[in-house]
Amino acid sequence: GFRALFDSFPDAVGVLWALRDPEGNITDFAFGYGNPSMLRSFRIPPATAERYTLLEALPRMRGSRAFDAYVRVCESGVPWVREITYDTPFGDGYMLGTFVQRVAKLGDGLIVFLSDVTEQRRMEAELSSYADVVAHDLREPLSGIALLVTLLERRAGEPPSPDVLRMLRESTERARELIDGVLV
């Protein structure tokens, strides 16, 4: 039932069993299960689970806050959620991408769910860059408009010159074109 449920699950799912020293302290985790999505996401050959423990497959986890959090979840039962970006060798494979990681206690071990948000984060970064470019481009006509308004205020008693009005109109048209370009 367990495998049938998670083998077709779209998110990456892995089960880790606690490895304990004679005093009962968790020293590492053994791989219990990785669904096809987990193996694909991390380019992990299926044999990896039999060949490595977690710390052997991912040496950077040794002494890390993440490893301490895994131990804490296993001992306390309190789940842990974080976002993590991997670009890392992993056993015989390679982990690459940004994931929301949910870790929960399962027996004397953990179940780990990884939701791939790589594409979403890439699109957010592109959108942010685009917004920066648009904001930068809009500053130029708006600065021109502000300067011309200041000029008009200084000469409040005189009618504005045709040149000033033309420059104001051109600046507002340029700002409108930029805004229309964004909204297309």
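Predicted model: local features only at pLDDT ≥ 70, side-chain atom pairs only at ≥ 80, totals over all residues.
At 41% relative accessibility, Glu-124 counts as partly exposed. The side chain of Glu-124 takes part in a salt bridge with Arg-121, where the closest N and O atoms are 3.2 Å apart. Both residues sit in helix α6, and the three-residue step between them amounts to about one turn of the helix. Arg-121 is partly exposed too, because its relative accessible area is 25%, and exposed would need over 50% while buried would need under 20%.

Which residues pair with Arg-122 in salt bridges? One partner is Glu-119, with 2.3 Å from N to O. Glu-119 and Arg-122 are three residues apart in this helix, which spans residues 118–154, so about one helical turn separates them. The other is Glu-126, where the closest N and O atoms are also 2.3 Å apart. Here the spacing is four residues, again about one helical turn.

How open are these side chains? Glu-119 has a relative accessible area of 45%, so it is partly exposed. Arg-122, at 37%, is partly exposed, and Glu-126 is partly exposed at 46%.

| Salt bridge | N to O distance |
|---|---|
| Glu-119 and Arg-122 | 2.3 Å |
| Arg-121 and Glu-124 | 3.2 Å |
| Arg-122 and Glu-126 | 2.3 Å |

Shared partners also turn up elsewhere: Arg-20, Glu-75 and Asp-108 are joined by salt bridges into one network. The count of salt bridges comes to nine.

Now for a residue in another setting. Is Asn-35 buried or exposed? Its relative accessibility is 0%, so Asn-35 is buried, the cut-off being under 20%. Asn-35 belongs to the loop between β2 (26–34) and α2 (36–41). Its side chain has two polar links to backbone atoms to look for on screen. One reaches the backbone oxygen of Asp-11 at 2.9 Å. In the other, a polar atom of the Asn-35 side chain lies 2.8 Å from the backbone nitrogen of Met-38. Leaving out residues up to four places away in sequence, Asn-35 touches Phe-6, Asp-7, Phe-9, Asp-11, Ala-12 and Val-13.

Met-38 leads us on to the pockets. The largest pocket has a volume of about 410 Å³. It is lined by 27 residues, and those closest to its centre are Phe-31, Tyr-33, Gly-34, Met-38 and Ile-44. Elements giving two or more residues to this lining include β1 (12–20), α3 (48–51) and β5 (109–116). Which element gives the largest share of the lining of the largest pocket? That is β2, with four residues. By residue type, the lining of the largest pocket divides into 20 nonpolar, five polar and two charged residues.

The second largest pocket holds about 170 Å³ of space. Among the residues lining it are Leu-58, Arg-60, Met-61, Arg-82 and Tyr-86. Two or more lining residues come from each of α5 (65–76) and β3. The largest share of this lining, five residues, belongs to β3. In the second largest pocket, the lining splits into five nonpolar, three polar and three charged residues.

Technical notes
Residues numbered from 1 in each chain as written. Heavy atoms only, no water. Buried < 20%, exposed > 50% of the residue type's maximum accessible area, 1.4 Å probe, protein only. Polar contact = N/O pair within 3.5 Å; in protein donor to acceptor, adjacent residues only side chain to side chain. Contact = heavy atoms within 4.5 Å. 1 Å grid on protein atoms, 1.4 Å probe; cavity = no way out; pocket = protein on both sides within 12 Å on 5 of 7 lines; lining within 4 Å. Points joined across faces, edges and corners; volume = space filled by probe spheres on them. Nonpolar A, V, L, I, M, F, W, Y, C, P; charged D, E, K, R; others polar. Salt bridge = Lys/Arg side-chain N within 4 Å of Asp/Glu carboxyl O.
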